[in-house]
Amino acid sequence: MKKLLNACALVLCAGSLSAADVPAGLIRIGTDKTDLILRVGDDSRVRQAYLGPKLVNAADLEHFSKSSGGTEAYVTHGMEDYFEPAIRVLHADGNPSLLLTYKDFTQEENDSVQTTGIVLQDEKYPFEVRLFYKAYKRENVIKMWTEIEHGEKKPVTLYNYASSMLHFGRDSYWMTEFSGDWAHEVNMEEQKLTFGKKVVDTKLGSRANLHVSPFFLLGLDAPVAENTGNAVIGTLGWTGNFRFTFEVDNANNLRLISGINPSGSEYLLPKGEVFRTPEFIFTYSTEGTGPASRDFHDWARKYQIKDGMGDRMTLLNNWEATYFDFDQAKLEKIIADAADLGVDMFLLDDGWFGNKYPRSSDHAGLGDWEETKAKLPGGIGALTAAAKKEGVKFGLWIEPEMVNPKSELYEKHKDWVIHLPNREEYHYRNQMVLDLSNPAVQDYVFGVVDKLLTAYPEIAYFKWDCNSPITNIYSPYLGADKQSNLYVEHVRGLYKVLDRIAAKYPTLPMMLCSGGGGRTDYEGLKYFTEFWASDNTDPVERIFIQWGYSYLFPAKATAAHVTSWGKQSLKFRTDVAMMGKLGFDIRVDELSPAEKQFARQAVANYNRLKPVILDGELYRLVSPYSGEHSSVMFTDRAKANAVVFAFNRNPRFSEQLRNVRLQGLDPQKMYTVAEINLMPGAKSGLAANGRSYSGDYLMKVGLPLFSGAHLTSTVVELSAR
Ligand code: GLA
């Protein structure tokens with residue numbers, strides 16, 4: 001070893017193993033439940049020695065420093081490894097190789113968050129790779145990212161530049177992907193990984209998650225289960241093209257490489273510029289995906305999502321109620337309906353802007369962010385005033401990264417639009433993507449938000465949409481030699497805009513929307529309080545969609561609206577939406593008096609249950625993928641209050657119904673069961689209603705919450721005495 005690593009001297013952490021317990025030559029990255037141990041070998045190469053449940057005996061670490069196994073932590077191309085590398089570069093002199101050896105290491109811990117940096121360098125070229133790890137000890141989540149920098153005279157081309165690489169040596173691997181399409185997001189499908197590569201990636205640029213989401217589940221030795229077995233949940237925080245590569249080699253070892261999708265994105269890195277990859281974020285559980293999801297939710301609320309610990313507003317949106325067909329009077333009526341329902345906010349959706357090219361359909365107007373005078377003579381100001389009068393907040397839809405060719409912006413600034421100079425334009429939803437690699441475009445996009453908030457400080461919320469992938473990929477701003485940097489620079493440009501918004505309007509709540517769930521990543525959620533899970537609001541579909549997202553995202557971040565897309569009872573629709581961040585998007589004037597009363601009561605119930613649903617712990621009890629019934633529950637932190645949702649979709653005749661066994665309760669506590677969300681005048685059909693049971697009984701025996709009646713639901717509230 002060229003430079004002997006003395007981890008003990010540098011480790012400042014005070015976890016269960018003291019600094020002195022880490023033998024020289026080892027780097028221990030870890031949470032309260034997980035250990036990732038790296039070893040610097042005699043050849044100065046850094047290898048992954050262990051990834052798994054936390055090792056409890058300090059003395060055992062010694063075994064790793066003496067052994068020599070393991071695969072390099074960040075495998076390079078062009079040397080002795082024959083499988084997928086983490087990094088592949090082409091030096092300016094045409095040499096395609098990289099050999100990284102240990103140079104330096106730092107580790108520090110603040111408030112249970114341990115940050116580790118490892119510097120690797122090439123001996124022949126002035127080329128450095130820095131690996132970073134952030135371990136959230138209490139929440140059992142680890143982030144990984146990489147910095148790449150060189151001092152070569154000419155730019156180096158980065159062909160592969162992973163955020164992270166992890167190695168597993170197990171008998172079998174079971175990967176669940178979340179794929180789909182518009183209005184059909186996050187369909188879960190598990191597959192066994194066998195020799196070779198499975199790649200999960202997107203190339204859409206923006207609206208990048210349209211076909212597959214940037215997250216996965218990985219079962220080690222067995223398919224994932226909710227409460228047993230070794231499982232990894234992983235995700236990439238990047239609002240653009242991503243790629244996960246799962247490669248099983250000849251020895252049945254799995255390497256997992258995560259990062260920006262390098263396809264069409266060879267990055268030309270000039271001397272001295274630091275290329276920082278996005279963050280790969282994962283948790284490792286020995287008790288299945290249930291605890292893994294709860295760890296993810298805790299971490300996300302505390303550290304990642306904008307205002308993750310704050311409250312969320314219920315709302316009434318006008319999109320499905322009016323589409324583009326509204327005027328001031330119609331909206332004022334809906335604003336009054338919002339107050340009548342008892343929600344916190346009215347959200348005005350698409351169709352309020354454009355004058356030369358009014359936005360009366362999705363064919364025109366994007367880019368021209370002035371109120372359509374013919375439709376809204378009083379402008380946004382009249383609407384915020386109406387909202388104020390009714391005692392509700394006002395939110396507004398925007399899609400500032402996009403332009404319709406039928407717009408004044410396009411006429412004036414074709415140079416701001418991503419398009420190929422010599423080819424006919426391809427339009428997706430009749431629109432094109434603005435070139436966010438261009439600082440002038442960044443100013444413009446920031447200005448859309450800033451100007452609206454300056455003119456109308458009463459705007460309390462934005463729904464930020466993004467309805468097109470990048471088409472006709474060519475930046476008029478980047479030079480001809482830098483076009484392959486565009487996908488990366490575009491996303492970085494978006495973050496620059498969002499950073500400016502966050503700096504100037506730090507408490508402004510915003511929804512991240514992308515033609516439904518086309519953008520659902522944790523870097524985006526740094527800037528957004530919630531995301532729109534899907535344009536599909538049929539509750540039968542939403543049971544699956546919200547179930548899928550729940551593996552990664554807390555209910556607080558998952559916007560769910562009661563709409564008329566599905567034709568089920570208002571109760572069924574509301575019960576499904578209440579499992580997320582509740583909103584409505586219905587014609588309130590078409591509700592019967594009883595339905596209106598029901599909806600008002602449901603909003604009041606939701607407000608009472610917010611600490612349980614939004615800030616509590618989620619337990620997935622019965623999967624919709626397993627049959628026609630499903631159930632989830634939430635408990636508060638004290639295990640004093642809980643709410644259970646149970647759904648029957650289309651059960652077969654004379655089906656045998658099983659009790660729903662609850663989870664997460666205190667076995668010693670006595671809980672009173674109360675069915676809520678009943679239609680006015682309806683009586684609970686639950687024999688358990690009003691009775692008390694111990695947590696022990698509820699978890700071991702359960703409650704008969706399912707029925708054979710189609711498209712029905714039951715919500716029960718449990719309160720400990
Ligand atoms: C996208 C969103 C919808 C709605 C429309 C408006 O599809 O996902 O919720 O806002 O745009 O055009």
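Select glutamate 370 to begin: not counting residues up to four places away in sequence, it touches Trp352, Phe353, Gly354 and Asn355. Touching, or contact, means heavy atoms within 4.5 Å. This is a predicted model, where local features need pLDDT of at least 70, side-chain atom pairs count only at pLDDT 80 or more, and totals for chains, interfaces and linings use all residues. Residues are numbered from 1 along each chain as its sequence is written, and side-chain values use heavy atoms, with hydrogens and water left out.

Stay on glutamate 370. Its place is the loop between strand 23 (345-348) and helix 6 (379-390). Helices (H or I, at least four residues) and strands (E, at least two) are DSSP runs, numbered from the N terminus.

Next, select the ligand. Which residues come nearest to the ligand? Asp349, Asp350, Lys463, Asp465 and Asp535 do, out of 13 residues around the ligand (a heavy atom within 4 Å). By class, this shell has four nonpolar, three polar and six charged residues.

Zoom in on the ligand's oxygen atoms. Polar contacts here are pairs of N or O atoms within 3.5 Å.

- Aspartate 535: a polar side-chain atom lies 2.5 Å from a ligand oxygen.
- Lysine 463: a polar side-chain atom lies 2.7 Å from a ligand oxygen.
- Tryptophan 397: a polar side-chain atom lies 3.1 Å from a ligand oxygen.

Last, select helix 8 (residues 439-455) and helix 9 (residues 486-504). The crossing of helix 8 and helix 9 is right-handed.

How values were computed: A polar contact is a pair of N or O atoms within 3.5 Å; within protein, one must be able to donate a hydrogen and the other to accept it, and residues adjacent in sequence count only if both atoms are side-chain atoms. Ala, Val, Leu, Ile, Met, Phe, Trp, Tyr, Cys and Pro count as nonpolar, Asp, Glu, Lys and Arg as charged, and the others, Gly among them, as polar. A crossing is left-handed if the near helix is turned anticlockwise from the far one by less than a right angle, and right-handed if clockwise.
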